[in-house]
Amino acid sequence: MKKIFVVSTTYTKSLEEVGKFRNDHFEFIQKYIDAGKFIAGGRQNPPTGGLILAYNVTKEELEEILKEDPYYKNDLIETVITEFTPALLNKSFEKFSN
């Protein structure tokens, strides 16, 4: 199975400051969903940061992609990338692992 990456971000500035770049951030996420690199992205609850599920990339490629994120460019987040290879997977998600 292919590796999947969980990108966890933590806001380093206020939600008000983060909110100024939210639409640009959404465009960034959508660009890579459309490119087949991201599965999903969204805000954590409570809103202390966000998560991105990525696949079809190497860790090095993902690190470069994440530098395009407006939140990264504006020093609004800290980022942790966790890599895993699914051992078990729901059939509806198999397309992300082959």
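## Basis

The model is predicted, so local features need pLDDT of at least 70 and side-chain atom pairs count only at pLDDT 80 or more, while totals for chains, interfaces and linings use all residues. Residues are numbered from 1 along each chain as its sequence is written, and side-chain values use heavy atoms, with hydrogens and water left out.

## The largest pocket

A pocket is an open set of points, on a 1 Å grid over the protein atoms alone, with protein on both sides within 12 Å along at least five of seven lines; lining residues have an atom within 4 Å of a point. The largest pocket holds about 190 Å³ of space, a volume being the space filled by probe spheres set on the points, which are joined across faces, edges and corners. Its lining has 15 residues, and His25, Gly42, Arg43, Gly50 and Tyr71 are the closest to the centre.

Two or more lining residues come from each of strand E1 (4-11), helix H2 (22-34), strand E2 (38-43) and strand E3 (49-55). H2 gives the largest share, 4 residues. Helices (H or I, at least four residues) and strands (E, at least two) are DSSP runs, numbered from the N terminus. By class, the lining of this pocket has 7 nonpolar, 5 polar and 3 charged residues. Ala, Val, Leu, Ile, Met, Phe, Trp, Tyr, Cys and Pro count as nonpolar, Asp, Glu, Lys and Arg as charged, and the others, Gly among them, as polar.

## The cavity

A cavity is a set of grid points where a 1.4 Å probe fits but cannot get out. The whole structure has 1 cavity of 30 Å³ or more. The largest cavity has a volume of about 40 Å³.

Val7, Thr9, Ile52, Leu66, Asp69, Tyr72, Ile77 and Thr79 line the largest cavity. At least two of the lining residues come from E1, and at least two from strand E4 (77-84). The lining of the largest cavity comprises 5 nonpolar, 2 polar and 1 charged residues.
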